[in-house]
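Please look through the sequence and the structure shown here before reading on.

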Amino acid sequence: MLEELQKDVELFDERPYPKMDRHSEVDNFNEYIKKIDEYSKKVHQEIKPFVLLPEEKRKKYADYFEMHFKNILKADRTAFNLGVLGLIINILRKCLVVLDDFRAEVLEKYLSEFSIKMGEGAIELSNLFEIKMYLAEMYRIDGKAEEYNRITNGLKEDVTFLPDRNDEFLFEIAKNAIAHFKYEEAKDIVSKISENSSLEDQIRKAGFWKQLSENQKAESILNHCSADLAQMKLSIELFASLSGYLNLCYRYDNNAGRMVEKFSDDGCYDNRHNTRRIIIELQEELSQRYFNEIIEDNKVIPFNLNTQKTITYKFGGENLLYVRSFNFILAIDRLGLSIFNEQAQILTKAVEKIIASSPSAFWKTSLIIRTNNEKIIDQYMTRDMIQSFRRDDIKLIFEELMDLGQLFDFDKNYNYEKRIIGQKNIGDCLSRLCIFLSDDDIIKYIGYLSKLSQSEDLFFSKSDIKKNIRRIFTRFNSNIATKIQNIIFEEFGSEFHLARYFESIEINDDKKATYYNSAIIKTKNEDITKRDCGVSELLLLWKNQREDNYREKIQEAIWSQKKDDLPRTEIYYPFVWEKLPYPSNMNFSKLYYDYFEKDHLVRSVADGKIIGNNSHNSVLDFLNLYFSVSEISFRNCSKIKIDASLNQKMLCNLYDFIDNEKSLTSRENDIFGEKKEAQDKFELISELVALIYCNAFENKLVNHSFKHQIEKIQRLLESCKINIDALLMVKDIEKEMYQRCIERFENVITLKDNEKYSGIFTGLQCLLFHLELKNEQISQVDDSLISFIGAIKYFNIEHAKSIWVNFSYIVCRKYFEKEKFQNSIGKSIQTCLEMYRQSEGFENRHFLDGLYNCTTVLKLYYSQLLKNNISITEILEGCVAEAKRTENKELQNIWEL
């Protein structure tokens with residue numbers, strides 16, 4: 001190793017102009033060019049055989065030749081200078097040096113000024129070839145498709161006169177084809193690469209076959225390469241370089257677990273020229289730099305009291321990290337391999353660091369997608385990241401992934417077949433991208449999902465489709481529903497209940513009978529998933545295209561299967577049956593009463609053992625149903641007629657449930673989250689008890705027995721350290737201590753504790769219900785609410801977005817119909833819309849949430865006022881008009897629902 005280092009030192013010490021820096025001036029430029037030319041040839045000859053250079057050698061040569069590269073670009077563009085330039089570019093590419101836009105422009109001038117006649121000037125043509133390859137590489141990475149195609153078209157002509165450079169050209173355009181997910185085109189290009197090329201190029205060719213999942217072809221080549229390498233008489237350094245590359249290529253695609261001797265590089269891994277070692281060291285250096293990164297802003301609160309302005313310190317090194325990130329990505333690109341799983345995490349950080357290096361994020365995003373790593377894709381392809389992309393890039397990636405997806409057989413190998421990437425990740429990426437595209441693109445994607453939903457592959461993951469539908473349903477509207485009605489009612493897999501995600505649709509007259517009959521047949525099915533699919537379709541049909549001649553058939557299909565005297569379903573609350581035909585003698589209020597008499601809460605503790613089940617959901621469902629059918633709710637459905645007996649049964653059941661589950665809240669270790677889930681369940685029960693209490697005193701059902709049961713539950717919840725703000729607020733309301741009640745609300749809002757918001761908004765719901773019943777307006781309450789509404793704009797967005805969600809549950813109450821509330825809500829939302837839009841986008845996803853949530857509040861509020869024939873103030877109308885002026889398609893869809 002010392003001998004190797006000595007050789008490097010000796011050659012590097014021979015460099016001309018060793019003390020020159022970027023500020024130095026050249027006295028005799030002809031002599032300067034001549035010396036640089038001679039030295040460049042020596043370095044080129046020395047480094048040419050190696051796949052990658054050791055880090056210390058690469059950095060030295062990169063820094064040295066990059067400086068002279070700049071000097072030559074500033075000089076006259078002569079044929080001699082072109083020759084030196086070609087050599088330096090070859091060295092810089094080997095040293096993984098990034099070509100920036102300014103120098104690319106100068107290189108373009110060289111191309112335009114040197115017109116080489118075909119068949120003449122082979123040396124000059126070879127130098128121009130170097131320039132074009134450098135430009136092509138950078139145009140590909142920068143996503144400059146037009147420039148890339150122009151350069152590669154020129155290269156295609158050049159290789160007819162430079163046949164020894166043909167493989168190099170083919171590797172470049174194969175990289176581009178793979179980056180664009182053009183599977184068949186990439187296969188065709190790789191198949192044209194010579195079988196008699198250098199050993200390095202043969203290994204590289206095998207790497208391309210592996211990227212294309214042609215593993216048999218790849219291993220055949222690698223076997224030949226291994227045999228050839230064993231017979232070659234090479235220096236230790238060159239053997240290490242090729243052996244490490246062979247090992248890396250063999251390991252790619254999860255082969256590391258079955259390493260065989262002929263592909264092992266154990267004997268030369270310690271050699272610094274070993275390609276695998278170089279990649280690992282690049283990766284480790286970059287990881288360490290990110291780990292120690294003090295480059296990000298460090299905001300420090302000043303030492304002096306009552307000094308509000310924070311101080312931001314910036315530390316040097318941002319540019320270095322940017323360069324190192326590019327070095328790593330270019331090294332991987334040079335090898336012709338995709339990313340290994342152990343490199344995927346650092347790749348995400350590297351891409352994020354260089355994402356702004358060009359307007360187009362296409363190639364960098366393609367690189368992430370081609371990891372075929374679900375976690376890495378999820379980490380990188382966030383909503384705010386994609387929002388920052390050019391729409392042309394989003395559209396291009398979407399279309400090319402759609403084309404790739406059509407190459408798969410949907411009925412087999414869902415989890416295992418890969419064509420650049422696998423089906424699972426194609427579907428995942430498409431769902432993220434299409435949110436930002438047109439309705440027609442959403443329709444294309446739903447068509448793709450529809451085919452996948454019918455897959456007969458035993459290993460096909462239905463949860464993937466459900467996840468993707470939930471991701472895109474905010475883009476669903478009547479236009480999409482109308483255009484895909486056949487998919488909704490006839491083609492999409494029944495277990496996914498696609499119809500439930502749509503509200504409006506225009507049914508073709510010639511298809512109504514088909515859709516109704518199909519939905520009725522599904523509803524009669526004993527299989528609950530198919531039955532629920534039929535119910536969801538009937539709900540959509542009945543709401544938008546009611547046909548009374550199907551009334552009896554629908555009624556019979558729904559009510560022929562019951563559970564607890566209510567029709568069977570696993571996805572709907574019981575009040576949904578009021579939206580569909582039902583028997584004329586049906587008393588829903590009585591059905592709800594009978595339902596709540598029974599204990600529907602699922603226990604997760606039995607005989608001292610913890611059981612994994614849907615206990616939390618059972619509590620949430622119970623709470624939501626009780627609220628919806630109680631008089632407190634403004635939902636348009638039958639209301640339960642409560643009495644003392646029902647209250648006592650419900651409270652007893654709730655107490656028993658808490659008592660059974662309370663041991664979970666005292667667990668010291670919460671490895672599997674049972675403690676947190678139990679605390680969440682108990683907080684929901686605290687809100688449920690508050691609602692029961694509110695209904696009880698409003699109906700004059702509070703007696704000694706009731707209060708005793710309430711106090712027992714309260715003590716039990718407090719012993720488990722559960723927040724009971726809602727219950728305490730209801731007790732204040734009962735005593736008409738409105739000021740105390742609203743103070744509890746204000747205290748939590750002031751503390752900005754997201755986890756307590758749900759409880760205080762439930763308490764506020766009860767307060768407004770109480771005042772509505774009394775037809776009473778309390779100035780202290782009004783002033784506090786107006787103050788709160790006006791202050792939302794000052795809240796940190798992470799808190800504000802949660803407040804908007806909770807506010808949406810109460811904003812439709814009659815209490816807010818007055819003009820002063822309309823104006824207050826209108827002003828607050830308009831201000832927040834302006835603020836959130838300015839901050840919307842990359843690096844702050846919370847503002848996207850805030851925009852969506854406050855627009856949802858506005859739509860609910862505005863629609864309720866119109867429904868109740870309330871006159872709308874000018875301020876609120878202006879706010880609505882402003883909210884509708886948006887290019888965000890998800891926000892546009894809110895106004896259609």
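What follows is a short report, arranged by topic.

## About the model

This is a predicted model, in which local features need pLDDT of at least 70 and side-chain atom pairs count only at pLDDT 80 or more, while totals for chains, interfaces and linings use all residues. Residues are numbered from 1 along each chain as its sequence is written, and side-chain values use heavy atoms, with hydrogens and water left out.

Helices are DSSP runs of H or I with at least four residues, numbered from the N terminus, and the expected span of a helix is 1.5 Å times one less than its number of residues. Helix H5 covers residues 101–113, and its 13 residues should therefore span 18 Å, which agrees with the 19 Å between its end C-alpha atoms. At its N-terminal end H5 is capped by Asp100, which has a side-chain oxygen 3.3 Å from the backbone nitrogen of Phe102.

After H8 comes Phe181, which has a positive phi, near 60 degrees.

## Charged pairs

A salt bridge is a side-chain nitrogen of Lys or Arg within 4 Å of a carboxyl oxygen of Asp or Glu, and by this rule the count comes to 70. One of them joins the side chains of Asp393 and Arg390, at 3.5 Å from N to O; Asp393 is buried, at a relative accessible area of 4%, whereas Arg390 is partly exposed, at 37%.

Another salt bridge links Asp428 with Arg471, where the closest N and O atoms are 3.0 Å apart. Asp428 lies in helix H20 (residues 423–434) and Arg471 in helix H22 (residues 462–472), so this pair ties together parts that are 43 residues apart in sequence. Both Asp428 and Arg471 are buried.

In the salt bridge between Lys820 and Asp782, the closest N and O atoms are 2.7 Å apart. Because Lys820 lies in helix H38 (residues 819–839) and Asp782 in helix H36 (residues 779–791), the pair ties together parts that are 38 residues apart in sequence. Lys820 counts as partly exposed, at 38% relative accessibility, while Asp782 is buried, at 2%. Salt bridges that share partners also join Glu374, Asp378, Lys424, Asp428, Arg432, Asp464, Lys467 and Arg471 into one network.

## The nonpolar interior

A nonpolar core is a set of buried Ala, Val, Leu, Ile, Met, Phe, Trp, Tyr and Cys residues joined through side-chain atoms within 4.5 Å. The largest one here has 294 residues, and those with the most contacts inside it are Phe761 and Phe807. Helix H31 (residues 674–698) gives the most to this core, with 12 residues. Leaving aside neighbours within four places in sequence, Phe807 is in contact (heavy atoms within 4.5 Å) with Phe761, Phe788, Ile789, Phe816, Ile825 and Val857.

## A buried serine

Ser325 lies in helix H14 (residues 318–335) and is buried, with a relative accessible area of 0%. Not counting residues up to four places away in sequence, Ser325 touches Leu286, Tyr290, Ala350, Lys353 and Ile354.

Conventions: Helix = DSSP H or I, 4+ residues; strand = E, 2+ residues; numbered from the N terminus. Polar contact = N/O pair within 3.5 Å; in protein donor to acceptor, adjacent residues only side chain to side chain. Buried < 20%, exposed > 50% of the residue type's maximum accessible area, 1.4 Å probe, protein only.
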